[in-house]
Amino acid sequence: MNGIAEALAVLVEAYRVTDLSEATILTYSRALEKIPTVLLRPMVDRCLETRKHFPRITELRSDAEAVRQQYFQQHPYVSCGDCCGGWLIQEQETEDGFRYGYATRCACHGAYLAKVNALGLGHEPLALMAGDEA
Ligand SMILES: [Zn+2]
């Protein structure tokens, strides 16, 4: 799936929609511009598998967020073993003998963030998930 136009074309074809106005297509296109490209295909797949009718924009965003969360579940952060959940605890002592600890981020956590960034999943949720609504 190359992008927004293809995602929309697949949805229109699958749900046999024949009466989308230009304004509606433009509105959907603009909304889908905010979805990370890597999520467009799995978003459409999830929509086709779970929705009986042509989706509203909010439904598409929910589908995109669901597959985004799935990715994080399938690829969780794993500590390198030398740190504590991505944190390294350091200890220092002042000149008058006061010992204190502080935490710094471990390189394994930075490597995980870089991996996630490279996938282009974005940093913000795309929709509130079921149970998150206020
Ligand atoms: Zn580590």
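In H4, the residues Leu60, Arg61, Ser62, Asp63, Ala64, Glu65, Val67 and Arg68 are buried, a residue being buried if 20 or more other C-beta atoms lie within 10 Å of its own, exposed if 12 or fewer, and partly exposed in between, with C-beta atoms placed from the backbone. The model is a predicted one, in which local features need pLDDT of at least 70 and side-chain atom pairs count only at pLDDT 80 or more, while totals for chains, interfaces and linings use all residues. Residues are numbered from 1 along each chain as its sequence is written.

Select residues 57–74 to see the whole of helix H4, which has 18 residues and reaches 26 Å from its first C-alpha to its last, close to the 26 Å expected at 1.5 Å a residue; the expected span is 1.5 Å times one less than the number of residues. Helices (H or I, at least four residues) and strands (E, at least two) are DSSP runs, numbered from the N terminus. What covers the buried residues of H4 includes H3.

Next, select Val44, which is found in helix H3 and counts as buried, because it has 24 C-beta neighbours inside 10 Å. Show Ala64 with it: Val44 and Ala64 are 20 residues apart in sequence, and their C-alpha atoms are 8.2 Å apart in space.

Stay in helix H3 (residues 37–50) and move to Arg46, which is partly exposed because 19 other C-beta atoms lie within 10 Å. Leaving aside neighbours within four places in sequence, Arg46 is in contact with Asp63, Ala66 and Val67, where contact requires that the two C-beta atoms, placed from the backbone, lie within 7 Å.

To display the contact, select Ile4, Ala7, Val10, Leu11 and Ala14 of H1 together with Leu40, Val44, Cys47 and Leu48 of H3. By class, this contact has nine nonpolar, no polar and no charged residues; Ala, Val, Leu, Ile, Met, Phe, Trp, Tyr, Cys and Pro count as nonpolar, Asp, Glu, Lys and Arg as charged, and the others, Gly among them, as polar.

Arg16 lies in the loop between H1 and helix H2 (22–32), and has a positive phi of about 50° although it is not a glycine. Arg16 counts as exposed because it has 7 C-beta neighbours inside 10 Å. In the loop between H3 and H4, select His53, which is exposed, with 8 other C-beta atoms within 10 Å. Asp96, in the loop between strand E1 (87–93) and strand E2 (99–105), is exposed, with 5 other C-beta atoms within 10 Å.

Finally, colour the chain by pLDDT, the predictor's confidence in each residue, from 0 to 100. The chain averages a pLDDT of 90, and 94% of the residues score at least 70.
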